[in-house]
Amino acid sequence: MSVVTPSLNQGEFLEATIRSVLDQDYPDVEYMVVDGGSTDDSVDVIRRHEARLAWWVSEPDRGQSHAINKGWQRATGEIVAWLNADDLYTPCAISRAVAVFARHPHVDLIYGDCYEFEEDPAHARIRHVGTKTLRGLLTASLDIPQPTVFLKRSLLDRIGILDESLHLTMDYHLLLRAFAFGRPHYVSGPPLASIRVHPAAKSFARAASFPTELIETLDHFYALPDLPTEALRARRLAYAQYAYARADMALSVRKSYLEGIAWLVRAYLGNPSLLARLPRAVWRTLIGARAAAWRERTLADKR
């Protein structure tokens, strides 16, 4: 089992993350920490544990995907994973993952439920995932928690490592390829990992960029040769789903009405039922924009 933790200025959380890996009950873990040149106390934290690390480095990189790839390219384990510097493995997570692969030798990747918490892991809530399909990943949800994913190295060799041009959705792109060309398996039972929810997390800090990168992710995925029929049949609905997400962001957050309406039209053409899900806030935004335009014209006429 090879685990990589990418980190950049996560010293506040890094100690707990490292210990959650090193304290696992599975004896054969190759653990690497790839730091992007942190300026906080991250390096001090890493050095406290370097005797038990297979490798670590602190140097500038090209982003999180590059950091993970640097570790995976050195990894020698038959199973690989990555754990972000603000997340945690639950006790026995790695030994459970290894046992699942042993019981199901045909399986290429596993995933499971997770805990989510804000400050205290003792007050975490469970995020249930259930069995997913490739079509579901494309058209319905992105809710496979990345820290619960473990992949066979043989699958990674077939589908490739992370796409370094993606900075927010590289895990989604990896999962799409893994589901398209591998055999996934949902692990029921206690959660495999805990995800820390905090405002500084990249998924929150750069949330406005998600819809754009999701469209790019689909472009990269559908450019692959020999995609299964399941993926090809879901293409129209998949693009509609993320056109809708871009419309929602443009209208409700950025107040960019022309752009939002253009993406709404694209979403509607791909899947007319999506308009029924349009949030009330967006409708209020549209109505408010019409009302503001009407008021401006009325004042102009009076002047």
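**Reading helices and sheets in a predicted model**

Guide: Helix 11 passes helix 12 in a left-handed crossing, meaning that the near helix is turned anticlockwise from the far one by less than a right angle (clockwise would be right-handed). Helices (H or I, at least four residues) and strands (E, at least two) are DSSP runs numbered from the N terminus. The model is predicted, so local features need pLDDT of at least 70 and side-chain atom pairs count only at pLDDT 80 or more, whereas totals for chains, interfaces and linings use all residues. Residues are numbered from 1 along each chain as its sequence is written, and side-chain values use heavy atoms, with hydrogens and water left out.

Visitor: At roughly what angle do the axes of helix 11 and helix 12 cross?

Guide: Axes are lines fitted to C-alpha atoms, for helices over the stretch in contact, and angles run from 0 to 180 degrees between N-to-C directions. Here helix 11 (residues 235-252) and helix 12 (residues 257-270) cross at roughly 160°, their axes coming within 8 Å.

Visitor: Which residues of helix 11 meet helix 12?

Guide: Contact means heavy atoms within 4.5 Å. Helix 11 contributes residues including Leu 237, Tyr 239, Ala 243, Tyr 244, Ala 247 and Leu 251. Among the residues they meet in helix 12 are Tyr 257, Ile 261, Trp 263, Leu 264 and Leu 269.

Visitor: In what order do the strands of the 7-stranded sheet lie?

Guide: Two strands pair if DSSP finds at least two bridges between them. The order in this open sheet is 3-2-1-4-9-6-10, and the pairing is mixed. Its edges are strand 3 (55-58) and strand 10 (184-187), each of which pairs on one side only. On average, neighbouring strands of the sheet are turned by 20° against each other, direction ignored.

Visitor: Which strands does helix 1 touch where it packs on the sheet?

Guide: Helix 1 (residues 11-22) touches strand 1 (2-7) and strand 2 (30-35), and its direction makes about 165° with that of strand 2. Helix 7, by its own placement, lies across strand 4 (79-82), strand 6, strand 9 and strand 10 and runs at about 125° to strand 6.

Visitor: How many bridges join strand 1 to strand 4?

Guide: These strands run parallel and are joined by 3 bridges, with Ser 2 opposite Val 80 in strand 4. Strand 4 runs antiparallel to strand 9 and is joined to it by 2 bridges; there Val 80 stands opposite Leu 151. Strand 9 (residues 150-152) also pairs with strand 6 (residues 109-112), in the antiparallel sense over 2 bridges, and Leu 151 is the bridge partner of Leu 109.

Visitor: Are the residues of strand 4 that point either way, such as Ile 79 and Val 80, buried or exposed?

Guide: Buried means under 20% relative accessible area, exposed over 50%, and partly exposed in between (1.4 Å probe, protein chains only). Ile 79 and Ala 81 point one way and Val 80 and Trp 82 the other, and all are buried.

Visitor: Where is His 173 found?

Guide: His 173 belongs to helix 7 (residues 170-181) and is buried, its relative accessible area being 5%. Beyond neighbours within four places in sequence, His 173 is in contact with Asp 163, Leu 166, Thr 217, His 220 and Phe 221.

Visitor: Which strands stand at the edges of the 4-stranded sheet?

Guide: This open sheet has the order 5-11-7-8, with mixed pairing. Strand 5 (88-89) and strand 8 (125-127) are its edges; each has a single partner strand, so one side of each lacks a neighbour in the sheet. Strand 8 pairs with strand 7 (residues 114-117) in the antiparallel sense over 3 bridges, and Ile 126 is the bridge partner of Tyr 115.
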